[in-house]
Amino acid sequence: MNNYILIITHVLPFPPSAGNEIRIFKLLKFLKESGYRTILFITSANLSEEAFQELSNVVEEVYCFTKFYELTSNKLRNNFINRLRLNLGESKERFFRKIFRLLKIEAKNITSGNFEQSICNDLVSGHINQLIGNVQLLHRKYAPFAVIAEYIFMSPCLDVLPDDILKIIDTHDVFSRKADTVEKYGIVEKMQCSPEEERQYLLRSDVVMAIQDNEAKILQELVPERKVITV
């Protein structure tokens, strides 16, 4: 078994300022110190050179997802692929569409209104199948033994992976309780779902990570057939 771990996140973990960013960045550092090689897949193109350099110190490789359905490794920036594209005179979008057709990436037709709404940004919303196709591509390249999806809303990416991969969801929150927690104080929260929807998200995993014991108890009640741990 290799020691690759794939982490899928819509949250840019550097510079870490908000609690979720700090959590993910600490997780990356912990995995590095524990001897694992982490492949970080960020579903956003807003990665500065400084952020890339800092993340490269704690992960094996950083990939981004862009509106051109492109899987971009910053370490390969301005290398063979870009030179080839320019020499062919292809537009960026047309070139990468051809590449993905040649690779015969067969993304499952998974759609979720809550997923699109909750992770809604111009780069991801409406391109879920391409995003999932990128996950398949990374699986083929690195064959990770474990995959961690940050937030339940990234869990559709787990559906296309083989059963022998350890699938983990880092929940960050219990989204089916948002109406009882933040909305009663007048805070508008878009990232929420019903208990049954949250259960379906969680069932895509083998292990569920909670951030505190009281949330772990709630999540365990939602999915008694899954292992729930507090991290």
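Modeller: The expected span of a helix is 1.5 Å times one less than its number of residues. Helices (H or I, at least four residues) and strands (E, at least two) are DSSP runs, numbered from the N terminus. This is a predicted model: local features need pLDDT of at least 70, side-chain atom pairs count only at pLDDT 80 or more, and totals for chains, interfaces and linings use all residues. Residues are numbered from 1 along each chain as its sequence is written, and side-chain values use heavy atoms, with hydrogens and water left out.

Colleague: What span should the 15 residues of H6 have, and how far apart are its end C-alpha atoms?

Modeller: H6 covers residues 128–142. At 1.5 Å a residue it should span 21 Å, and its end C-alpha atoms are 21 Å apart, so the two agree. Just after H6, Ala143 takes a positive phi of about 45°.

Colleague: Which residues of H6 are buried?

Modeller: Buried means under 20% relative accessible area, exposed over 50%, partly exposed in between (1.4 Å probe, protein chains only). An α-helix has 3.6 residues a turn, so residues three or four places apart point the same way. In H6 the buried residues are Ile128, Leu131, Ile132, Gly133, Asn134, Val135, Gln136, Leu138 and Tyr142.

Colleague: Which residues touch the most other members of the largest nonpolar core?

Modeller: A nonpolar core is a set of buried Ala, Val, Leu, Ile, Met, Phe, Trp, Tyr and Cys residues joined through side-chain atoms within 4.5 Å. The largest one has 63 residues, and Phe41 and Leu55 touch the most other members. Helix H6 gives the most to this core, with 6 residues. Take Leu55: beyond four places in sequence, it touches Leu12, Pro13, Phe14, Phe25, Leu28, Leu40, Ile42, Leu47 and Val62. Contact means heavy atoms within 4.5 Å.

Colleague: How many salt bridges does the structure hold?

Modeller: A salt bridge puts a side-chain nitrogen of Lys or Arg within 4 Å of a carboxyl oxygen of Asp or Glu. The structure holds 3. Arg23 and Asp170 form one of them, at 2.7 Å from N to O. This pair links distant parts of the chain: Arg23 sits in helix H1 (residues 19–33), Asp170 in strand E6, 147 residues apart. Asp170 is buried, at 1% relative accessibility.

Colleague: Which residue forms a salt bridge with Arg204?

Modeller: Asp159 does, with the closest N and O atoms 2.8 Å apart. Arg204 lies in the loop between helix H8 (195–202) and strand E7 (207–210), and Asp159 in the loop between E5 and E6, so the pair ties together parts 45 residues apart in sequence. Arg204 counts as buried at 19%, whereas Asp159 is partly exposed at 30%. Arg199 and Glu225 form another salt bridge, at 2.9 Å between the closest N and O atoms.

Colleague: Is Ser155 buried or exposed?

Modeller: Ser155 is buried, with a relative accessible area of 0%. It is found in the loop between strand E5 (146–150) and strand E6 (166–170). A polar contact (N or O atoms within 3.5 Å, one able to donate a hydrogen and the other to accept it; residues adjacent in sequence count only if both atoms are side-chain atoms) is the next thing to check. The side chains of Ser155 and Arg204 make one at 3.1 Å. Beyond four places in sequence, Ser155 is in contact with Ala149, Ile169, Tyr201 and Arg204.

Colleague: Where does pLDDT stay under 50?

Modeller: pLDDT is the predictor's confidence in each residue, from 0 to 100. It stays under 50 over residues 76–80, and it is below 50 over residues 103–125. Where pLDDT is low, the predicted coordinates should not be read in detail. The protein chain averages 78, and 66% of the residues score at least 70.
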